[in-house]
Amino acid sequence: MFKINDNYLKLPGSYLFSTIAKKVNAYSQANPEKKIIRLGIGDVTQPLAPAIIEALHNAVDEMGKAETFHGYAPDLGYEFLRSAIAENDYKARGCDIAADEIFISDGAKCDSGNIQEIFSTDNKIAVCDPVYPVYVDTNVMAGRTGTYDADKEVWSDVIYMPCLAENNFAPELPKETPDLIYLCFPNNPTGSTIMKEQLQEWVDYANKVGAVIIYDAAYEAYISQEDVPHTIYECDGARACAIELRSFSKNAGFTGVRLGFTVIPKELKCGETSLHSLWARRHGTKYNGAPYIVQRAGEAVYSAAGKAQLKEQVAYYMRNAKYILEGLKDAGYTVSGGVDAPYIWLKAPKGMSSWEFFDYLLENANVVGTPGSGFGPSGETYFRLTAFGSYENTVAAVERIKGV
Ligand SMILES: *Cc1c(COP(=O)(O)O)cnc(C)c1O
């Protein structure tokens, strides 16, 4: 008789986005004349940039001719893309990352969920609270998180690092020593980030205690301030303790195209075993590569035309972010984020809970956001708005919120 992986049964239902959808549907059925503006889900809305479309078209044509047809991609990804990444994302920033330390994948969600597989199940993880839910849930599936306390909404074997206004939404070094530390900066959901010297403290700490940092830099392209690190490898010693995850979803609009990568420096070792070799083994065994066509599109992200067009695309979203940030500040809201990330994190007014404020905004302003409590207990009383809408909708949403 077969048995299931009953770790899956421990997962509390993640009803966040389905609950939001249900509430929004119910409201619009009852009020069909109301035009709802959605600034909830973290998905891009601008079309792919022309340089990317051109690369896609060219690659499609190549696939139609025997001489230029491509079958399975190389295990770690095509050299042309890995070199472009090494050059532009790392060498250009003075970081020593080689093309063969880069593993191409179909996105950072899979990589951030799969990376835990190469670690022992008795490793202890530390996460920020609130947090992108993938990090915790995939460790639950692997049996690494202990038991769930439904009242407190926490796992017994997970170290939580609260990120609140009091600490500028930056985690403090944990009292209990973790083995794996998940960090994401600029951050989803809080939109906050940390400065290079703060990240250096984390790298020094990880090297001191023998922990690995899994650094999610999906929002790197949104950084505007000078001293915010674009990659963890800007920090001394990071090659010995850090894995970096990147995505083409937010910087280039690839949410529906799918492309990402993971960096594992060869110096990152457990005794004599390099994590690079373990991940290479996993990649080779379980993954057959991102499509050739998509990897060519990824290469175009690093072309001169691609860079210029994407800079504009990011600027478009960040103009929205600024509009929300300043508009809500004027209206008396306590807001943060929105400077180095396309997310605005606000405190629900008048002592409302996250969900009370969600209902309030839906009913009175017909604006949809995301309740902070959906990202972890420390997100309670907070609320996330995204800058990924159109400028017109963003302006309209802010005016409506100001008006309630
Ligand atoms: C959007 C996002 C990603 C990217 O996921 P993809 O699978 O590459 O689309 C990764 N991490 C965080 C925190 C995100 O918000």
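Reader: Where is the place of Pro189?
Author: Pro189 is in the loop between E7 and H7. Those labels are DSSP runs numbered from the N terminus: helices (H or I) have at least four residues and strands (E) at least two. This is a predicted model, where local features need pLDDT of at least 70, side-chain atom pairs count only at pLDDT 80 or more, and totals for chains, interfaces and linings use all residues. Residues are numbered from 1 along each chain as its sequence is written, and side-chain values use heavy atoms, leaving out hydrogens and water.

Reader: What is omega for the peptide bond from Asn188 to Pro189?
Author: Omega is near 15°, and the bond is cis. The loop between E7 and helix H7 (196-209) also holds Pro186, which a cis peptide bond joins to Phe185, with omega about -10°. Most peptide bonds are trans.

Reader: What makes Glu153 worth a mention, and where is it?
Author: Its phi is near 60°, a positive value in a residue other than glycine. Most residues other than glycine have a negative phi. Glu153 belongs to the loop between strand E4 (148-149) and strand E5 (154-155).

Reader: Now the ligand. Which residues are closest to it?
Author: Asp216, Tyr219, Ser249, Lys250 and Arg258 are the closest among the 14 residues that surround the ligand.

Reader: How much of the ligand does the protein bury?
Author: Taken alone the ligand exposes 390 Å², and the protein buries 93% of that. The areas come from the Shrake-Rupley method with a 1.4 Å probe.

Reader: Why are E3 and E7 said to pair?
Author: Two strands pair if DSSP finds at least two bridges between them. Strand E3 (residues 125-129) and strand E7 (residues 180-184) have two bridges, so they pair, in the parallel sense. Ile125 has Leu180 in E7 as its bridge partner. Both strands belong to an open sheet of seven, in the order E2-E10-E9-E8-E7-E3-E6, with mixed pairing.

Reader: What makes E2 and E6 edge strands there?
Author: Strand E2 (102-105) and strand E6 (158-162) each pair on one side only. From one strand to the next, the twist averages 20°.

Reader: Which strands does helix H6 lie across?
Author: Helix H6 (residues 134-141) lies across E3, E7 and strand E8 (212-216), at about 145° to E3. Contact here means heavy atoms within 4.5 Å. The angles run from 0 to 180 degrees between N-to-C directions, with axes fitted to C-alpha atoms, for helices over the stretch in contact.

Reader: And how many bridges join E14 to E17?
Author: Five bridges join strand E14 (residues 343-347) to strand E17 (residues 382-386), and the two run antiparallel. Lys347 stands opposite Tyr382 in E17.

Methods: Near = heavy atom within 4 Å.
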